Amino acid sequence: MDYFEILLPLALILLLSKILSIFCKRFGLPQVIGMLVAGLLLGLIRYIPNQTIFSDGILEGLGFLAKIGVILIMFSAGIETDLKQFKKIGLPCVVITILGVVVPCGLGFLVATAFNGGFANIAENIYDNLFYGVILSATSVSVTVATLKEMGKLNSKVGTSVVAAAILDDIIGVILLSVVIGLKNNTGGGGTEVLLMVGKMLLFFAIAIVGGILIHRLFKWMDTKWDRHKRRVPIFGFVVCFLYAYVAEKVFGVADITGAYVAGLVLSGLKNSEYIDSKVEMSNYMIFAPVFFTNIGINTTFSGVSAAFVGFGLCYVLAGLVGKVVGAGAGALMCKYNVKDSMRVGIGMMARAEVVLVCTQKGIDNMMVSPSIMPFVLILIAVSALLTPVLLKLTYKKTFLNNRHLPDAPVPVAVVNELQIEEKKDTGED
């Protein structure tokens, strides 16, 4: 393959993904849905006889660009994580997060087991089925935050709880992803291999934390040494991202996206964090992220979608929706939130977006989940994005109607940071 042959597919990907992203934005849907639909449409070209636009060589090249995109997505997610937010909620945040992970993960596992071998042979595909559950543990509260902000409830107990729990949710979800992949890859070596895998993972996090403290201090020194918005600072940030991702995967057998996410955590909370993140977002969402999301659509196959699999997919989507509402809502109820606030927390944690796609694609890459599940993940994202604001407004209906003319309550800077990625995508890049 000559290098220039990838330029036409890139042009088609960027053009169609942006057009459909703008279209989705107009209807209040996440823009990633537009990119995924663009990929599905472009994927039809593959069925044209003797076509060369999406040959095997070009798809391989796009795959490399997509992998950089997913690493940068997770790096950005880590930078935007505000660990100080936990102090405002404390124990309720932990309880809400744990149940908000365990319940959907458990439901996803049960649904996958029922349709993939059955409970009589539960040990046969246990890690693959467990990964289906891990996918459902992911959350994305950008839609929730925007809705609560509109109603002046972002600074409320519910709003702060949802944002804080979502931060911890992402951390736990990314760790679970690496654990399950590691267990699957080491099952052939017996208990010794599994213990070695767990030991290497713990060693990675220990080294990552110690090294992260030193790197964080180095970047704080850069904050005082140089004027803000020096381009060298985000360049050094990219270095940290790629180094952590490489070492995690190559040396410790931990997923590269976990390394990238930890690298983002290391650089969060700096004076220059927003500037670093803005440069990462600009670089990523110009090329790499659209290629990642569109590439998912291009490679989505419907060949394995039977009537039984459709039944599995629909039950899987239902498990994803119900699991978050019940799990996170029960956690809030256990922490003595009233019934209405518990319901609001559960609904607020229901939405999904980029992270669930990243987890699903990682499972496909490691041959742990069927590529045919991707259309149902897309349905989960779309349905949760539509239902979350509607149900939240219904729970606040009387309050919202009484206060719809009042200005929003003051919003903490830490919470506003949760909206930055959506604002960047939705306001300045059309």
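**Close-up 1. M343, R344 and I347 of helix 14 touch T388, L391, L392 and T395 of helix 16.** Contact here means heavy atoms within 4.5 Å. Sorted by type, the residues of this contact come out as 4 nonpolar, 2 polar and 1 charged. This is a predicted model, where local features need pLDDT of at least 70 and side-chain atom pairs count only at pLDDT 80 or more. Residues are numbered from 1 along each chain, and side-chain values use heavy atoms, leaving out hydrogens and water.

**Close-up 2. Helix 14 (residues 339-348) packs against helix 16 (residues 374-395) at about 170°.** Their axes, lines fitted to C-alpha atoms over the stretch in contact, sit 9 Å apart. So helix 14 runs roughly antiparallel to helix 16, a label for angles over 145 degrees.

**Close-up 3. D169 and K324 make a salt bridge.** That term means a side-chain nitrogen of Lys or Arg within 4 Å of a carboxyl oxygen of Asp or Glu. In this pair, the closest N and O atoms are 2.5 Å apart. D169 belongs to helix 8 (residues 157-185) and K324 to helix 13 (residues 307-334), so the pair ties together parts 155 residues apart in sequence. How many salt bridges does the structure hold? There are 5.

Notes: Axes fitted to C-alpha atoms, helices over the stretch in contact; angles between N-to-C directions. Helix = DSSP H or I, 4+ residues; strand = E, 2+ residues; numbered from the N terminus. Parallel < 35°, antiparallel > 145°, perpendicular 65-115°, else oblique. Nonpolar A, V, L, I, M, F, W, Y, C, P; charged D, E, K, R; others polar.
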